[in-house]
Amino acid sequence: MEDIKSSILKGKKGLVVGIANERSLAWGIAKSVFQHGGELALTYQNVALQKRLAPLAEKINSKHIYEFDIQNYRNIPSFFQNLGKEFGNLDFIVHAVAFSDKEELKGDYVDTSKNNFLNTMEISCYSFTALIKESLPFMNQNANFLTLSYYGAEKVIPHYNVMGVAKSALETSVKYLAADLGKKGYRVNAISAGPVRTLAASGISDFRYILKWNEYNSPLERNITLEDVGGASVYLLSDLSSGTTGEILHVDAGYNIVGMKNVNAPDISKV
Ligand code: NAD
């Protein structure tokens, strides 16, 4: 059982989509939500990932876990109807989902295939909009939505390629969705997280180099943790951030503000 830290999210119910294992950013978020009093329903993409999720769900007292493939659009309305019946209406949804063919997360962006371009955009960007649209009848007053982005949306990161394009589109979606849903009192935000070694990240070529580069060159001189992402998500998912929407909050040890390599950073090729 994870330790309770506060009751900031007491009485709030949320859905987290995107836990693959205990390294997932979505797990960092789920754990923090639980530690601050929130109650969660969780999903797993397929049966292979179910056995990883079950013990994690137990740690945060989540009794509502569902198989959910976000590309299965026809099933999204019935998924929410069922969730509404079994778990109740929601105060927030966390979308921590991305995918691209790892063969195209190496080499040059110019070689991106049409199929993988469309598939990456669909899973990593469009799915957030589709999820929100179908969830609306099941959301409580002052509900909010959160997705995960990366600095590769703003600047070129080696090998991030089509995923960078998808993250740019996702960040712009956050703004358009925030504008659409503001009149209902709903908020939409993103966390732009620094690099973390996860299943999805392992598909990016030379990811170890990216991690080292961030560690040596970010103002905090370290990489971020799941707890860093969890803490920021508690702020965004709670009423503490009631005046914040359409925001891309960097949780990257400050890396995005740096314009030049740290003069004291070691030569990465030698570490
Ligand atoms: P992860 O592999 O733990 O999570 C990715 C999740 O996406 C998995 O749970 C997977 O099942 C899910 N997914 C993929 N296709 C799906 C589908 N069709 N239906 C339902 N679920 C599907 O990796 P992660 O790094 O925790 O990724 C979570 C989010 O964080 C992603 O959006 C990723 O781009 C973003 N992010 C990651 C990093 C990093 O360095 N790891 C940095 C910034 C942002």
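1. An oxygen atom of the ligand lies 2.9 Å from a polar backbone atom of A200. That makes a polar contact (a pair of N or O atoms within 3.5 Å; within protein, one must be able to donate a hydrogen and the other to accept it, and residues adjacent in sequence count only if both atoms are side-chain atoms). The protein covers 94% of the 820 Å² of accessible area that the ligand has on its own. Accessible areas come from the Shrake-Rupley method with a 1.4 Å probe; for residues, only the protein chains shown count as cover.

2. This is a predicted model: local features need pLDDT of at least 70, side-chain atom pairs count only at pLDDT 80 or more, and totals for chains, interfaces and linings use all residues. Residues are numbered from 1 along each chain as its sequence is written, and side-chain values use heavy atoms, with hydrogens and water left out.

3. The ligand has 27 residues around it, and S24, Q45, K167, V196 and T198 come nearest. Near means that a heavy atom of the residue lies within 4 Å. This shell has 19 nonpolar, six polar and two charged residues. Ala, Val, Leu, Ile, Met, Phe, Trp, Tyr, Cys and Pro count as nonpolar, Asp, Glu, Lys and Arg as charged, and the others, Gly among them, as polar.

4. Where does the ligand sit? It sits in the largest pocket, so more than half of its atoms lie within 2 Å of the pocket's grid points. A pocket, on a 1 Å grid over the protein atoms alone, is an open set with protein on both sides within 12 Å along at least five of seven lines; a cavity is a set of points where a 1.4 Å probe fits but cannot get out; lining residues have an atom within 4 Å of a point.

5. The largest pocket has a volume of about 1100 Å³. Its lining has 42 residues, and A96, V97, A98, F99 and A200 lie nearest its centre. The lining divides into 27 nonpolar, 12 polar and three charged residues.

6. The largest cavity has a volume of about 30 Å³. Among its lining residues are G194, N214, R222 and D252.

7. N142 is not a glycine, yet its phi is positive, about 60 degrees. E221 also has a positive phi, near 50 degrees. Most residues other than glycine have a negative phi.

Key
Points joined across faces, edges and corners; volume = space filled by probe spheres on them.
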